[in-house]
Number of protein chains: 2
Amino acid sequence: MENFVINNPTVLHFGKNVISKLPAIAKLYGKKALLVIGQGSVIKNGIYDEVISLLKKANIEIIEYNGIKPNPVYNDVDIAAKIAKEEKVDFIIAVGGGSVIDSAKMISITTFVENSVWDFYENKIKPLKALPLIAVLTIAATGTEMNCFAVLQNNETLQKEGYAHPLIYPKHSFLDPQYTFSVPLAQTSYGIVDLIAHCLEYFFGEGDSPMSDKIAIATIAEAIECAPTLLSDLYNYELRARIMYAATIALNGWNSYGKIGADWGVHNIGHVLSLICDIPHGASLSIAYIAWLKYHSKKASDKIQKLGHLLYRDPSIENTINNIEQFFKSIGCPINFKEANIDTNKYSLILNTMLKNKVGGEFYKLSEEDITNIFYLMSA
Amino acid sequence: MENFVINNPTVLHFGKNVISKLPAIAKLYGKKALLVIGQGSVIKNGIYDEVISLLKKANIEIIEYNGIKPNPVYNDVDIAAKIAKEEKVDFIIAVGGGSVIDSAKMISITTFVENSVWDFYENKIKPLKALPLIAVLTIAATGTEMNCFAVLQNNETLQKEGYAHPLIYPKHSFLDPQYTFSVPLAQTSYGIVDLIAHCLEYFFGEGDSPMSDKIAIATIAEAIECAPTLLSDLYNYELRARIMYAATIALNGWNSYGKIGADWGVHNIGHVLSLICDIPHGASLSIAYIAWLKYHSKKASDKIQKLGHLLYRDPSIENTINNIEQFFKSIGCPINFKEANIDTNKYSLILNTMLKNKVGGEFYKLSEEDITNIFYLMSA
């Protein structure tokens, strides 16, 4: 086990109607807020109206930035940060999923610099200060509600990158499983793949922490247990709650303590697929994970056996990969380019971008040959 | 799943030589500290000298209170709180195990009132303020290092009670598994029973949160996996680290979220045994748990089956109880009064105190008949 520090400052409010606490909490952070939302689903399902009415109740002045894209781009963050600066907002409220909350996290630190947010991703600058962030989560997937990570993409340079800094933890996050009732079937499945992928990235990460591995596997088991029934009963509160909580745990640190870190190799491959084909993050991960596991069946044999043993009580490598593949298929997630309807015309750009971005993990590094072979497994 | 809030403010520093960060952190809280220790084991093993030298390096003036008993009494807390008040200390540093840290937690709030600490336990007063507390843990067992609980006993009224308040979370806790190398075999075993008992209290607690149950079971599995080798190799860093971390997780909330609460029935029985016979907390729990499980084999049949399934892949109630009993025996922990060498002269006082204190759980309430039957199982 490696040395570690547990210090996660996000206060997480979980359950039915927890949003009723918003006025009292918002008031703690000031009188004027930047409200960040996506492309309108929160308006359709009424969550927007509820949040607005609670903020008005607390006499909070609202400046709105809407239109964050499902695969969020740095340009939106730059514009929103400029508005936050000009309007001198006291804090930020993000209402949405991973893309909205990740963007809001980056707005919170970009507001205090003259640079573009992309300079953080290129390590040209470091944040010194952040606007307080309150997050209202509307989809179970990325775990951004209780961590200090944010992913953005740059369509000009064809890069999709993760950023991490303690300043970008949300101060408070509100998780009402009822808010995820209207998430469609496909997006629900992609969220489940995403949370499983986070657990796997840590499980395959560097360093040995058996307790963290056990929590990662327990979280995957929880998702596999809930998924089939939830997908045929999308308004089931208990199952929505269990998946929402599992998604938080999958990336709030609990499966990481004592390890050196996660691998992130599969995420890096998946990011290229989202970037080139604009497919959902979860779909990119189900494709990339199966190819990655198959390609690493020898190199990571000990870990795949451990995974099979802990998850299925069956250490067979072949069965373990097959079980995960069958699970992804059973919840309607693609496991190759064809199943995701990716245009064959894009194949060469995908491979070239994977090679150019030198995709690979922190622990399982990928050579050009490795990348090419994984690409062929995905395109087979 | 019930609504819940995750808000655990303790910063946990875990691993080899983490104490080197103490001077920088202690300085944040002031210039004068009350140092609370037990009956001398930290002096023998050198941890005391190391902490003192680091505090001197930070120019912290130290007022010492030593002599906290393994089953800590309220009287020590009252005396120490008076000293803290007179000396106008800025913060508290507790160096020791559960008894020392629990006492320090209660000193931190008693310093600000005119009452005896016992008035908190009797709900006569509420804390409004606490001195900041830094904990240096020297034994893996109670999980006090990352929670807001404290247990004290009152030898005059023959009560041993738990107290909970958000103000008593330690600000920082330092957990160096090397500090537990010198914990003797028996105390190491009792600590393992204690952490397993915490997981079981939540597992048998009220409310349904499958993810929290999975974490509870994963933590028990971790302890069962490490125990045999650790007990024959007490200076094994990896195993000391795994048990120390498991003990923290067993009572820092991670196995509780989404449940109504833990049962605590077995702890309440165990507290009477410690109170009357001055036996270690862990030993009282191994005795009480086996009797409790046997007595509840019908009433809690569904949960015991689930426990057996998750822990041993065997839902048989008889086998599950037997497996836990054999595990406790294998690590040298008593499962009845005889094995703990409890004087038969004390039996009637034990039963009477159990009845007088109305021991029982939050979920599994115990009638006088239940208490008497559990007593007979322990004394059989």
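Does A:Asn59 count as buried or exposed, and how many C-beta neighbours does A:Asn59 have inside 10 Å?

A:Asn59 counts as exposed, because 10 C-beta neighbours lie inside 10 Å and a residue with 12 or fewer is classed as exposed. The position of A:Asn59 is in the loop between helix 3 (47–57) and strand 4 (61–65) of chain A. The backbone of A:Asn59 has a positive phi of about 55 degrees, although A:Asn59 is not a glycine. Most residues other than glycine have a negative phi.

A:Asn123 lies in the loop between helix 6 (118–121) and strand 6 of chain A. Phi of A:Asn123 is near 55 degrees, a positive value in a residue other than glycine. With 8 C-beta neighbours inside 10 Å, A:Asn123 counts as exposed.

## Confidence in the model

The structure discussed here is a predicted model. For chain A the mean pLDDT is 97, and 100% of the residues of chain A reach 70 or more. The model as a whole scores ipTM 0.96 and pTM 0.97. Where pLDDT is low, the predicted coordinates should not be read in detail.

## How the two chains are related

Chain B can be laid on chain A with an RMSD of 0.0 Å by a turn of 180 degrees, with a shift of 0.0 Å along the axis. That is the relation of a two-fold axis. Of the interface residues of chain B, 100% are also interface residues in chain A, so the copies meet through the same surface.

## The interface

How many residues of chain B are in contact with chain A? The contact involves 30 residues of chain B and 30 residues of chain A. On the side of chain B that touches chain A, two or more residues come from each of strand 1 (4–6), strand 2 (11–14), helix 8 (210–231) and helix 9 (237–249) of chain B. Helix 8 of chain B gives the most to this side, with seven residues. By class, the side of chain B that touches chain A has 18 nonpolar, five polar and seven charged residues.

Strand pairing also crosses from one chain to the other. Strand 2 (residues 11–14) of chain A and strand 1 of chain B run antiparallel and are joined by three bridges. Within this pairing, A:His13 has B:Val5 as its bridge partner in strand 1 of chain B. Strands of a sheet pair through backbone hydrogen bonds, either parallel or antiparallel.

## A sheet built from both chains

Strand 6 (residues 133–137) and strand 9 (residues 172–175) of chain B pair in the parallel sense over four bridges. The bridge partner of B:Ile134 in strand 9 of chain B is B:His172.

## Strand 9 of chain A

Strand 9 of chain A has parallel pairings with strand 2 and with strand 6 of chain A. Four bridges join strand 2 of chain A to strand 9 of chain A, and A:Phe14 has A:Leu175 as its bridge partner there. Strand 6 (residues 133–137) of chain A also pairs with strand 9 of chain A over four bridges, and the bridge partner of A:Val136 is A:Phe174. In a regular strand the side chains alternate between the two faces of the sheet. In strand 9 (residues 172–175) of chain A, A:His172 and A:Phe174 point one way, whereas A:Ser173 and A:Leu175 point the other way, and all are buried.

## A loop residue and its contacts

Where does A:Ile260 lie in chain A? A:Ile260 is in the loop between helix 9 (237–249) and helix 10 (265–277) of chain A. With 14 C-beta neighbours inside 10 Å, A:Ile260 counts as partly exposed. Leaving aside residues up to four places away in sequence, A:Ile260 touches A:Glu2, A:Gly205, A:Glu206 and A:Gly207. The C-alpha atoms of A:Ile260 and A:Ser209 are separated by 9.1 Å, while the two residues are 51 residues apart along the chain.

How values were computed. Residues are numbered from 1 along each chain as its sequence is written. Chains are lettered from A and ligands numbered from 1 in the order in which they are written. This is a predicted model: local features need pLDDT of at least 70, side-chain atom pairs count only at pLDDT 80 or more; totals for chains, interfaces and linings use all residues. Two residues are in contact if their C-beta atoms, placed from the backbone, lie within 7 Å. Ala, Val, Leu, Ile, Met, Phe, Trp, Tyr, Cys and Pro count as nonpolar, Asp, Glu, Lys and Arg as charged, and the others, Gly among them, as polar. Two strands pair if DSSP finds at least two bridges between them. Copies are superposed by least squares on the C-alpha atoms of residues with pLDDT of at least 70 in both. pLDDT is the predictor's confidence in each residue, from 0 to 100. A residue is buried if 20 or more other C-beta atoms lie within 10 Å of its own, exposed if 12 or fewer, and partly exposed in between; C-beta atoms are placed from the backbone.
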